[in-house]
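The sequence and the structure are shown first, and the description follows.

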Amino acid sequence: MNRVVVGLQWGDEGKGKVVTYLSRYHDIVVRYSGGANAGHTVNYGTFKVVHHLLPSADFTKNVGVAIGNGVLLDPQVFTKELIELKERFPEYSGDIFISENAHVVLPVHKEVDQRVDEVLKIGTTKRGIGPACADRVMRANVRITELYDEKKARTLLEKNLSLKSLYNLTFDVEKILDDLLNFYNVIKDFVVSSIQMKRILEEKSVLFEGTQGVLLDLDVGTYPYVTSMNCSSSGVSAGIGFPVKIDETIGVFKAYTTRVGEGPFPTELFGEEGEALRRAGHEYGSTTGRPRRCGWLDLPLLNYAIEIAGVDTLVMTKADVMNGFDKVKVCVRYKDGKELLSLKDLEKKEPVYETFNGWKSLESKEFDRFVNFIERETGRPIKYISTGEKIEDIVEV
């Protein structure tokens with residue numbers, strides 16, 4: 001059985017924990033998009049692991065992991081995560097596969113990212129993802145497969161860095177090349193071709209792990225305030241290099257809404273209301289540490305993401321964060337009365353709220369009413385509810 005987990009908001013929905021929990025039902029977890037701009041935090045109880053590049057498999061159960069060609073690999077970050085994997089889980093014996101067609105994030109990409117964002121003011125993570133994607137499209141970036149051949153790697157690297165003169169940036173080619181070749185020596189035993197990846201995954205039950213969220217998808221998100229890749233369920237096949245059949249698409253959403261960076265946010269709360277949600281949910285970015293913008297749940301946006309991603313079932317996270325709130329609001333429509341068919345005028349939308357009595361615990365009737373309401377409004381069952389930070393803090397409804 002093949003399933004995919006996607007976020008239905010602007011990322012930070014708690015996908016990492018959900019993927020880790022669900023991975024026990026699969027042979028392997030595959031990351032198909034994103035890069036080190038992702039930050040999936042998993043709480044094992046006695047310690048936490050933040051996944052930037054390694055898929056969020058349950059390493060205590062030896063679930064395998066694979067990285068598709070749609071992922072941008074930062075050598076420094078990935079090497080650090082491999083070291084941490086060995087230290088945290090010395091008994092781990094699961095398979096690790098990396099597509100040879102995955103692209104590399106270079107130091108120059110991070111420098112360009114900072115400079116470009118000063119002008120565009122998107123609010124990126126400064127991890128070099130956008131510039132690396134741009135170089136990928138311009139056929140001037142380095143892939144894992146080129147690192148097998150120093151001559152090819154040097155040629156592509158020199159072409160790439162020569163373009164950076166446009167930004168008045170200079171870098172030491174020899175130093176970067178040496179670092180890349182050393183990185184390849186670390187990962188070479190994990191590297192497979194697209195055909196090999198296809199044959200491996202066809203023999204396994206696969207859980208595909210999305211990064212960011214549908215509303216940050218390059219094509220169907222709140223452009224231009226989006227990530228640089230297709231992080232919705234539509235990105236799976238492109239991100240691993242061949243068509244796959246998905247048996248179930250699982251959408252993860254918070255019981256409220258958060259966003260990092262710039263862009264429209266109809267239900268955003270300001271002042272003490274927003275700060276109360278931020279404090280209760282510890283809403284600070286796993287990758288950047290930036291405080292997240294917080295607001296009430298937005299059903300028009302949630303339904304948009306559900307339909308775009310073809311979601312079958314839902315996972316609600318962080319409802320426990322609102323334990324003790326006197327009132328909880330949900331945006332049920334916008335004042336213009338129109339169905340949300342496009343995000344082009346989202347900044348003009350004014351929310352209309354329905355107010356619910358708050359709950360003391362997730363066992364209360366008030367919370368049940370909240371869940372039942374969302375299921376009716378979305379037309380999708382909430383199959384799992386996260387009740388806390390740890391992996392096991394999930395209830396299967």
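In this predicted model, a search of the whole structure brings up two cavities of 30 Å³ or more. The largest cavity holds about 80 Å³ of space, and its lining is made up of Val49, Val50, His51, Leu54, Phe59, Glu81, Glu84, Leu85, Arg88 and Phe89. Two elements, strand E4 (48–51) and helix H2 (75–88), each contribute at least two residues to the lining of the largest cavity, and of the contributors H2 gives the most, with four residues. By class, six residues of this lining are nonpolar, one is polar and three are charged.

The second largest cavity has a volume of about 30 Å³, and the residues around it are Leu8, Gln9, Trp10, Leu215, Thr257, Asp298, Leu301 and Leu302. Five of the residues lining the second largest cavity are nonpolar, two are polar and one is charged.

The lining of the second largest pocket divides into nine nonpolar, two polar and six charged residues.

| Space | Nonpolar residues | Polar residues | Charged residues |
|---|---|---|---|
| Largest cavity | six nonpolar | one polar | three charged |
| Second largest cavity | five nonpolar | two polar | one charged |
| Second largest pocket | nine nonpolar | two polar | six charged |

For the chain as a whole, the secondary structure amounts to eleven helices and 18 strands. The radius of gyration of the chain is 21 Å, close to the 21 Å that the globule rule gives for 397 residues, so the chain is as compact as a globular protein of that length. Taken along the principal axes, the box filled by the C-alpha atoms is roughly 65 × 45 × 35 Å. Of the 397 residues of the chain, 56% count as buried, and among the contacts between residues at least 6 apart in sequence, 74% join residues at least 24 apart.

Two of the selected residues, Tyr225 and Thr227, belong to one loop. Tyr225 is placed between strand E10 (206–209) and helix H8 (236–240), and Thr227 likewise lies in the loop between E10 and H8. With a relative accessible area of 28%, Tyr225 is partly exposed, because the value falls between the 20% under which a residue is buried and the 50% over which a residue is exposed. The C-alpha atom of Tyr225 is separated by 5.5 Å from that of Ile122, although the two residues are 103 residues apart along the chain. Beyond its neighbours within four places in sequence, Tyr225 is in contact with Lys121, Ile122, Leu216, Arg259, Glu262, Gly263 and Pro264.

Thr227, by contrast, is buried, with a relative accessible area of 10%. Its side chain is joined to that of Asn37 by a polar contact of 3.5 Å, and the contacts of Thr227, leaving aside neighbours within four places in sequence, are with Asn37, Gln212, Leu216 and Leu218.

Asp113 lies in helix H3 (residues 107–120) and is buried, with a relative accessible area of 7%. A polar atom of the side chain of Asp113 lies 3.4 Å from the backbone nitrogen of Arg127. Arg127 is also one of the residues in contact with Asp113 once neighbours within four places in sequence are left aside, together with Thr124, Lys126, Gly128, Ile129 and Pro131. Ala132 is 19 residues from Asp113 in sequence, and the distance in space from C-alpha to C-alpha is 9.0 Å.

Finally, Arg292 is found in the loop between helix H9 (271–281) and strand E13 (293–298). At 6% relative accessibility Arg292 counts as buried, because buried means under 20% relative accessible area. The side chain of Arg292 reaches the backbone oxygen of Tyr284 at 3.2 Å.

Terms used: Residues numbered from 1 in each chain as written. Predicted model: local features only at pLDDT ≥ 70, side-chain atom pairs only at ≥ 80, totals over all residues. Heavy atoms only, no water. Buried < 20%, exposed > 50% of the residue type's maximum accessible area, 1.4 Å probe, protein only. Polar contact = N/O pair within 3.5 Å; in protein donor to acceptor, adjacent residues only side chain to side chain. 1 Å grid on protein atoms, 1.4 Å probe; cavity = no way out; pocket = protein on both sides within 12 Å on 5 of 7 lines; lining within 4 Å. Points joined across faces, edges and corners; volume = space filled by probe spheres on them. Nonpolar A, V, L, I, M, F, W, Y, C, P; charged D, E, K, R; others polar. Rg over C-alpha atoms; globule rule 2.2 N^0.38 Å. Contact = heavy atoms within 4.5 Å.
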